[in-house]
Amino acid sequence: MAEEARPVIVAGLQVGDVEAVATVAAQIAHRFNAALVCVTIDPSLLSIGTRPDGSEMIEAIDPDSSESTPRGLPDDDIAVIQGVAARYQVPVENLTRVGDPARMLAAIAEERQAELIVVGTRTGRHRMAEFFNGSVAARLTHQQHRPVLVVPTNPVGFDAPLPWQSR
């Protein structure tokens, strides 16, 4: 008899919210015996297709930029993810992608048949971009069929540790 595939939780991560979002996603993955797929998306680059050898062709959105290597998470954040996954005993995979974050998270969730997408709230300078472009969380909840959990990464008015910070 074939072994049933493990459920998948997709977590959209960005610098500044890795620990909070990864911890909540890992807690949920642990409760549901799921695997965790952590995704970082570089919105300054776009995929323009695939070469015959299967490799992706990537170009910068800014025509004045020569950068075509996606910016993933720093090694410290990857270590945090690995530590959180070990603490909750869940398998984890880290991916770096390019393009529109909401579309890419939805596509990965569809590809992996994820049960849930977990994202954090944006902080600092990213709030203005969200005002004009719409939040990734809001776009996900309106443009695809999976449940989306939004983790508050910098709530206003709370002095006590958040639930995932006290464990």
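# Close-up views of a predicted model

**View 1. Val37 is buried, because its relative accessibility is 3%.** This residue belongs to a predicted model. Val37 sits in strand E2. Leaving out residues up to four places away in sequence, Val37 touches Val8, Ile9, Val10, Ala11, Glu93, Leu95, Ile108 and Arg112. Val37 and Pro91 are separated by 54 residues in sequence, yet their C-alpha atoms are 8.5 Å apart in space.

**View 2. Strand E2 spans residues 35-42 and is largely enclosed by the rest of the structure, since eight of its eight residues are buried.** In a regular strand, side chains alternate between the two faces of the sheet. Ala35, Val37, Val39 and Ile41 point one way from E2, while Leu36, Cys38, Thr40 and Asp42 point the other way. Residues of both sets are buried.

**View 3. Strand E2 pairs with E1 and with E5.** Strands of a sheet pair through backbone hydrogen bonds, either parallel or antiparallel. E1, residues 8-13, pairs with E2 in the parallel sense over six bridges. Val8 has Ala35 of E2 as its bridge partner. E5, residues 92-98, also runs parallel to E2, and seven bridges join the pair. Leu95 in E5 stands opposite Val39. Leu95 is also one of the residues that Val37 touches.

**View 4. Five strands form an open sheet in the order E5-E2-E1-E6-E7, with parallel pairing.** E5 and E7 (148-151) are the edge strands, each pairing on one side only. On average, neighbouring strands of this sheet are turned by 25° against each other, direction ignored. Within the sheet, E1 and E6 (residues 116-120) run parallel and are joined by four bridges. Ala11 stands opposite Val118 in E6.

**View 5. Helix H1 packs on the sheet and touches E1, E2, E6 and E7.** The direction of H1 makes about 175° with that of E1. H1 covers residues 18-31, and together with E1 and E2 it makes a right-handed β-α-β unit.

**View 6. Asn33 lies in the loop between H1 and E2.** Asn33 is not a glycine, but its phi is positive, at about 50°. Is Asn33 buried, partly exposed or exposed? Asn33 counts as partly exposed because its relative accessible area is 47%, which lies between the 20% and 50% limits.

**View 7. Gln113 lies in the loop between helix H3 (101-112) and E6.** Gln113 is another residue with a positive phi that is not a glycine, and the value is near 55°. Gln113 is exposed, because its relative accessibility is 61% and the cut-off for exposed is over 50%.

**View 8. Helix H5, residues 136-143, lies across E6 and E7.** H5 runs at about 165° to E7. Leu140 is part of H5. Leu140 is buried, because its relative accessibility is 1%. Apart from neighbours within four places in sequence, Leu140 is in contact with Ala102, Leu105, Ala106, Ile117, Val119 and Val148. Leu140 and Arg103 are 37 residues apart in sequence, and the distance between their C-alpha atoms is 7.7 Å.

**View 9. The whole chain has five helices and seven strands.** From the N terminus on, the elements run β-α-β-β-β-α-β-α-β-α-α-β. Of the 167 residues in the chain, 39% are buried. The accessible surface of the chain comes to about 10,200 Å², and carbon and sulfur atoms account for 52% of that area. Among contacts with a separation of 6 or more, 73% are between residues 24 or more positions apart.

**View 10. Confidence in the predicted model is given by an average pLDDT of 83 for the chain.** A score of at least 70 is reached by 81% of the residues. Over residues 124-133 the pLDDT is below 50. This stretch has six contacts in the model beyond near neighbours in sequence.

Terms used. Residues numbered from 1 in each chain as written. Predicted model: local features only at pLDDT ≥ 70, side-chain atom pairs only at ≥ 80, totals over all residues. Heavy atoms only, no water. Buried < 20%, exposed > 50% of the residue type's maximum accessible area, 1.4 Å probe, protein only. Helix = DSSP H or I, 4+ residues; strand = E, 2+ residues; numbered from the N terminus. Pairing = 2+ DSSP bridges. Right-handed = clockwise from strand over helix to strand, strands pointing away. Axes fitted to C-alpha atoms, helices over the stretch in contact; angles between N-to-C directions. Contact = heavy atoms within 4.5 Å. Areas by Shrake-Rupley, 256 points an atom, 1.4 Å probe, with all protein chains shown as cover. pLDDT = per-residue confidence, 0-100.
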